[in-house]
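Subject: A structure for you to look at

Hi,

Here is the structure I promised to pass on. Please open it beside this email, and then read on for what turned up.

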Amino acid sequence: MRPDRAVVNSIAPGTRVEKGGATLEITGVRQRDAWQRNVLPPVEQVRPGFWSIPVPIPGNPLRYVLAYAFACREGVTVVDPGWESEESWDALVAGLAKAGFRPADVRAILLTHMHPDHFGLAVRLRAESGAWIGMHRDDAALVEAATTREAESKLEEGLAQLAWAGAPRSVAAPATMLPAHRFPDQVGPEVLLEDGDRIDLPGWDLRAVWTPGHTPGHLCFHERNEGILVTGDHVLPRITPNISVVPGQLPEPLGTYLGSLRSIAEVEHVEVCPAHEYRFRGLRERVGVLLSHHGDRLTEIEKAVSEHPGGTCWGVTERLAWSRPFDTMTGFLVRLAVRETLAHLLLLAAQGRLRFSDEPTARWYPVQEGSR
């Protein structure tokens, strides 16, 4: 993920903020203040029976995931319980207690997607409560398939992809790759959710909205009566989610993501409850900023290839403007940057704006006029 170039500065509570040509209203004022002060935000009751619970991600610049809790007469449903660590578990338990619940009261666990900062505590929370886990079938298949043999195969594919992108050996090395998080053997999600499915949650009209791109099975959750849209990593107020080409997942993720953005913009009159940073209103405006950002990025990358034809994805990545200097990035952040650049290059190729050579390390070229 990377910050957009327009950054929200210090604002007064309730101020509507001009950001990237759009107008957003920061509704999570205490969350935004905590983000600026680099501290954990408070547990908050956003609506009667609906709570926001920050769960820390130790050692990660994203700092925390915002888990959400929907209360009903039968107990509570938790969305994205957070990273698997004792510190994270303690924060989740304390947040549930502030909302009036214990882990044993959890009846359902909904996952926006398969990344470990969202999914990590789901298995432990299920063990403590007997709750069912629900997620989209595409992400569930990826997590359930993360056996040792499958993980080794995906590791090899990931290393080959980085080599094809022109990354140096220090980046495309097994020691730099992270293992996949997975369900225990034979104990996957009990409910596979599809686009438009209504969640069995008395007192709430909560529906799944399939928004692939960040992952193949990313879901948002829309509560129509209260005007709530839980967006996971699909739409965030300040940063753009990382859209990467990952072996075994979406072959052309950026185009898929942009389509999902356009679809979610049709949801009106909602307060956006993201997984990171803070709540806001102005979904359509924020989507417009994200679409514009990626349009600018595509133009920037096309220009870089035109000025340096025959370069690799790694070479293009080095030439782009990033939120921090590329040469200061290490490990995981470097791989994210390369795979994000690759996603843009592949979309440009699909649009007929660039082409690449078919060789062990791909070389990128502009498409000559009249050859498209």
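Is arginine 279 buried or exposed? Arginine 279 is buried, with a relative accessible area of 6%. Here, buried means under 20% relative accessible area, exposed means over 50%, and partly exposed is in between, using a 1.4 Å probe and protein chains only.

Before going further, a word on the background. This is a predicted model, in which local features need pLDDT of at least 70 and side-chain atom pairs count only at pLDDT 80 or more, while totals for chains, interfaces and linings use all residues. Residues are numbered from 1 along each chain as its sequence is written, and side-chain values use heavy atoms, with hydrogens and water left out.

Salt bridges

A salt bridge is a side-chain nitrogen of Lys or Arg within 4 Å of a carboxyl oxygen of Asp or Glu. By this rule there are 16 salt bridges. One of them joins arginine 279 to glutamate 44, with the closest N and O atoms 3.4 Å apart. Arginine 279 sits in the loop between strand 15 (271-274) and strand 16 (280-281), and glutamate 44 in strand 4 (residues 44-47), so this pair ties together parts that are 235 residues apart in sequence. (Strands, E, of at least two residues and helices, H or I, of at least four are DSSP runs, numbered from the N terminus.) Glutamate 44 counts as buried too, at 10% relative accessibility.

Arginine 279 also forms a salt bridge with glutamate 271, where the closest N and O atoms are 3.0 Å apart. Glutamate 271 is buried, with a relative accessible area of 4%.

Elsewhere, glutamate 302 and arginine 353 meet through their side chains in a salt bridge (2.8 Å, N to O). Glutamate 302 belongs to helix 8 (residues 283-307) and arginine 353 to the loop between helix 10 (331-350) and strand 17 (354-356), so the pair ties together parts that are 51 residues apart in sequence. Both glutamate 302 and arginine 353 are buried. Finally, shared partners link Glu44, Arg47, Glu226, Glu271 and Arg279 into one network of salt bridges.

A pair of helices

Two packed helices are described by the angle between their axes and the distance between the axes. The axes of helix 2 (residues 86-98) and helix 4 (residues 122-129) come within 11 Å and cross at roughly 50°. Those axes are lines fitted to C-alpha atoms over the stretch in contact, and angles run from 0 to 180 degrees between N-to-C directions. Contact means heavy atoms within 4.5 Å, and Glu86, Trp89 and Leu92 of helix 2 make it with Arg124, Leu125 and Glu128 of helix 4.

Happy exploring!
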